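Happy to go through this one with you.

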Amino acid sequence: MLTKVVPTGSNPGGLLRYLMDEEKEFELYGGNIAGQTYGQIMAEWRAISQQNSRTDKDTKHVTMSPHISDRLTPDDWLDIGEFMVNGLGYTNNLWLIIKHKPTESQLLNNPDAPPHVHIMIHTFECENFTRINDWQDKTKAEKLTREIEQQWNLYQVTPSSEAEYSAPTTGQKRRMMREQQDFETGLRDKPPEEPTKLKLERLVVAATRDNPSIITFVARLQDQGVDVYPTIIGDEMKGLAFEYEEFRCRGSSLKNCSWRKLQEIRGVSYDKTRDLPILRTVAAGEKVQMLPEEEDSQELVSISANQIECTAMFASDINELLLLHTDRYVDSEFTALRISSDEISLRRTPNQSEILRAKRNGDAWEALPTESEMTSWEVHAMIALTENLIKELESQYWEQQQRVNIVAPIVAAVLNLEETNLSVGKHYTAEWDEECLTLWETGSKKPIMKAEWDDESRCWVENGSSLTQETTNYFQEKVLPFIRQAMQQKREREVSDRHQKSKQQELEL
């Protein structure tokens with residue numbers, strides 16, 4: 001099971017609208033909240049929020065997605081949700097759990113794919129109304145998820161602590177996303193590169209294959225352009241440092257690559273009598289002579305059951321990913337390419353070894369031979385990538401909703417001020433058709449904002465927008481002050497007109 005803890009937010013209404021979207025075929029499984037409708041739930045939520053004016057961060061959002069082989073009843077989910085909420089420390093807080101139908105890509109891979117759930121938790125406890133400390137919620141949630149898998153006999157996902165490689169940091173992911181966007185728009189002439197530290201980590205881990213001796217391990221790294229610096233104190237080997245592409249770090253900075261873990265976890269062998277003299281020469285700056293190793297076979301392996309299963313699981317998702325990213329997608333783990341109109345490829349980003357190739361055969365995808373196969377860890381990483389894409393789309397929705405919250409009231413005010421349903425300006429055109437408020441760049445046919453008014457929540461709801469921060473700033477910094485000034489002038493005229501009318505009536509009397 002994959003669990004994601006979204007950063008604590010301050011827009012419970014927007015989140016609940018998304019969770020109760022009819023298109024998601026949502027079902028309120030339960031919780032400890034009494035309300036059943038949007039209005040009822042929000043009334044309870046706000047009643048708690050209003051008791052603490054020190055912060056508006058009142059909403060925690062957790063998503064839980066089971067493996068395709070897992071089957072859970074609504075009662076199971078309710079018990080799991082309560083276990084997760086209490087385990088995170090929200091023992092006296094409002095919470096609810098809502099089911100969403102499987103995504104289209106999940107259904108393409110497996111018509112019997114299970115639904116996933118969203119848990120919405122109020123961060124203020126219900127008696128003293130203090131906000132619960134959510135420090136390390138993500139770490140706690142992962143531990144709780146592993147316990148859930150065991151207690152409910154679910155598919156066991158490899159814990160991140162046991163993953164072979166470190167995951168990119170949030171900052172690294174954001175940088176790579178920016179560089180990928182620049183590459184796709186022509187602002188960058190090459191795709192984003194994996195952070196040097198992660199590339200170094202992969203080279204170090206790759207050099208530990210087949211449990212080599214420390215000398216073979218060092219020789220393999222030197223052959224790949226990695227400088228190795230042993231730390232020797234007296235007659236004791238104490239540690240290793242590595243340098244690659246002008247980046248240097250200790251082995252302990254890489255996942256399971258400290259001197260102790262290289263031996264205990266990675267399987268590198270060390271014999272003091274045999275290896276210490278050679279390591280002294282390495283410490284002095286000399287290179288180790290690489291012993292001839294058996295050449296890898298260049299022949300493609302036959303199609304295994306694992307390749308067929310992975311193709312069934314991921315080919316449709318990869319195809320959708322390529323449709324979204326103009327036939328090429330690159331992140332720190334995977335590179336996806338469209339070979340032809342009916343053939344796709346998935347490769348490891350660090351060394352570009354192909355791990356999946358598929359050809360469209362009617363409505364299905366057929367596995368083709370590859371030089372290597374997806375490992376268990378890579379299967380889990382690919383599942384996570386699919387889920388992260390869903391979360392990314394969700395995040396984009398909230399970003400657009402926040403911009404609509406700023407722009408839509410200003411646009412509506414312009415139309416009210418001009419007493420019209422259509423306003424054509426130098427930069428933007430706006431229209432209200434009694435159902436939807438639409439905004440275009442003047443001269444363009446593609447709307448950049450579509451928003452509907454929700455009478456129940458008394459706010460504008462995003463319904464297909466692509467507002468940029470630049471446009472949002474323009475309306476907030478340029479248009480809003482003008483509107484305020486014009487409305488003030490209008491009020492002054494109305495007061496003056498009423499005064500003149502009153503004086504006229506007195507004269508008539």
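**Labels and their cut-offs**

Q: Why is glutamate 236 called partly exposed?
A: Glutamate 236 has 40% relative accessibility, so it counts as partly exposed; the label covers what lies between buried (under 20% relative accessible area) and exposed (over 50%), with a 1.4 Å probe and protein chains only. This is a predicted model, where local features need pLDDT of at least 70, side-chain atom pairs count only at pLDDT 80 or more, and totals for chains, interfaces and linings use all residues. Residues are numbered from 1 along each chain as its sequence is written, and side-chain values use heavy atoms, with hydrogens and water left out.

Q: What makes glutamate 236 and lysine 272 a salt bridge?
A: Their closest N and O atoms are 3.3 Å apart, and a salt bridge asks for a side-chain nitrogen of Lys or Arg within 4 Å of a carboxyl oxygen of Asp or Glu. Glutamate 236 sits in strand β7 and lysine 272 in helix α10, so the pair ties together parts 36 residues apart in sequence. Lysine 272, at 38% relative accessibility, counts as partly exposed.

Q: How do you know that aspartate 235 and arginine 280 form a salt bridge?
A: The closest N and O atoms of aspartate 235 and arginine 280 are 3.0 Å apart, which is within the 4 Å limit. Aspartate 235 belongs to the loop between β6 (227-233) and β7 (236-244), while arginine 280 belongs to helix α10, so this pair ties together parts 45 residues apart in sequence. Aspartate 235 is partly exposed, with a relative accessible area of 48%, and arginine 280 is partly exposed at 38%.

Q: Are glutamate 378 and arginine 348 buried or exposed?
A: Both are buried. Their side chains meet in a salt bridge at 2.5 Å, N to O. Glutamate 378 is in helix α12 (residues 376-418) and arginine 348 in strand β11, 30 residues apart. A search of the whole structure finds 18 salt bridges.

Q: Why is α8 called roughly parallel to α10?
A: The axes of helix α8 (residues 214-223) and helix α10 (residues 272-283) cross at roughly 25° and come within 10 Å. Angles under 35 degrees count as roughly parallel, over 145 as roughly antiparallel, 65 to 115 as roughly perpendicular and the rest as oblique, so α8 is roughly parallel to α10. Axes here are lines fitted to C-alpha atoms, for helices over the stretch in contact, with angles from 0 to 180 degrees between N-to-C directions.

Q: Which residues make the contact between α8 and α10?
A: Ile214, Ile215, Val218 and Gln222 come from α8, and Asp275, Ile278, Leu279 and Val282 from α10; contact means heavy atoms within 4.5 Å.

Q: What makes β9 and β10 a pair of strands?
A: β9 and strand β10 (residues 334-340) share three bridges in the antiparallel sense, and pairing takes at least two bridges found by DSSP. Arginine 328 has leucine 337 of β10 as its bridge partner.

Q: Why do β9 and β13 stand at the edges?
A: The open sheet runs β9-β10-β11-β12-β13 with antiparallel pairing. β9 (328-330) and β13 (364-368) each have a single partner strand, so one side of each is left without a neighbour in the sheet.

Definitions and conventions:
Helices (H or I, at least four residues) and strands (E, at least two) are DSSP runs, numbered from the N terminus.
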